[in-house]
Amino acid sequence: MPAARPERLIRDVMDTPIAPIQVIVDPGGAVRMLDFDADSPRVERLLKRYYPGVPVEPGAAPAEVRAALTAYFEGEMEALARVPWRVVGTDFQRTVWNALTVIPAGETTTYGALAARIGRPAAVRAVGLANGANPIGVVVPCHRVIGADGSLTGYGGGLPRKRWLLAHEARAAGLL
């Protein structure tokens with residue numbers, strides 16, 4: 001069942017080692033959107049798509065969310081599991097987004113492997129589209145999906161950030 005649309009959203013901006021991030025939470029403290037840059041046009045597009053008409057107010061994300069995100073950027077990969085999140089989207093999108101959360105930090109998978117993992121091996125392109133529409137970057141780790149040839153493919157936060165996130169996670173996992 002999809003998450004209900006909240007009556008309002010709260011926008012926080014946090015500094016990270018690679019760029020500021022916008023963290024948009026609902027009144028219950030669940031992250032509804034996370035993306036790089038304090039003024040990302042992508043965030044505005046996603047807000048219009050997933051939360052049309054829902055007002056967004058400046059404020060602070062819950063301390064637990066801020067602490068978990070800070071811990072992740074300091075190298076504690078398990079911290080992402082402490083970030084509560086909810087999404088709206090199609091059943092297929094939510095299936096893909098949930099599957100992203102089981103890719104271990106420091107590892108990658110391909111769109112084809114992800115499609116197979118969710119039981120839809122022929123839906124590689126649809127998996128790619130759902131991955132690209134992920135509103136909760138980093139926490140729902142779409143950056144861990146790469147091309148079948150091992151190349152880094154598109155990332156809403158930009159390929160340099162995808163490269164940084166993958167290297168950060170590989171270092172934390174002792175793989176670099």
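The structure is a predicted model, in which local features need pLDDT of at least 70 and side-chain atom pairs count only at pLDDT 80 or more, while totals for chains, interfaces and linings use all residues. Residues are numbered from 1 along each chain as its sequence is written, and side-chain values use heavy atoms, with hydrogens and water left out.

Along the principal axes, the C-alpha atoms fill a box of roughly 40 × 35 × 25 Å. The protein contains 6 helices and 6 strands, where helices (H or I, at least four residues) and strands (E, at least two) are DSSP runs numbered from the N terminus. Their order along the sequence is β-β-β-α-β-α-α-β-α-α-β-α. Of the contacts (heavy atoms within 4.5 Å) between residues at least 6 apart in sequence, 59% join residues at least 24 apart.

Buried residues account for 48% of the 176 residues; buried means under 20% relative accessible area, exposed over 50%, and partly exposed in between, with a 1.4 Å probe and protein chains only. In soluble globular proteins, nonpolar side chains tend to be buried together. The largest nonpolar core here has 53 residues, and those with the most contacts inside it are Val-23, Leu-34, Leu-69 and Val-138. Such a core is a set of buried Ala, Val, Leu, Ile, Met, Phe, Trp, Tyr and Cys residues joined through side-chain atoms within 4.5 Å. Elements that each supply at least two residues of this core include strand 1 (9–14), strand 2 (21–25), strand 3 (31–36) and helix 1 (41–50). Helix 2 gives the most, with 6 residues.

Helix 3 (91–100) is mostly covered, with 7 of its 10 residues buried. These are Phe-92, Gln-93, Arg-94, Val-96, Trp-97, Ala-99 and Leu-100. Their cover includes helix 1, helix 4, helix 5 and strand 6 (145–146).

Ala-60 is located in the loop between strand 4 (56–58) and helix 2 (63–73). Ala-60 is exposed, its relative accessible area being 57%. Beyond its neighbours within four places in sequence, Ala-60 is in contact with Ile-10 and Asp-12. Asp-12 is 48 residues away along the chain, yet the C-alpha atoms of Ala-60 and Asp-12 are separated by 5.0 Å.
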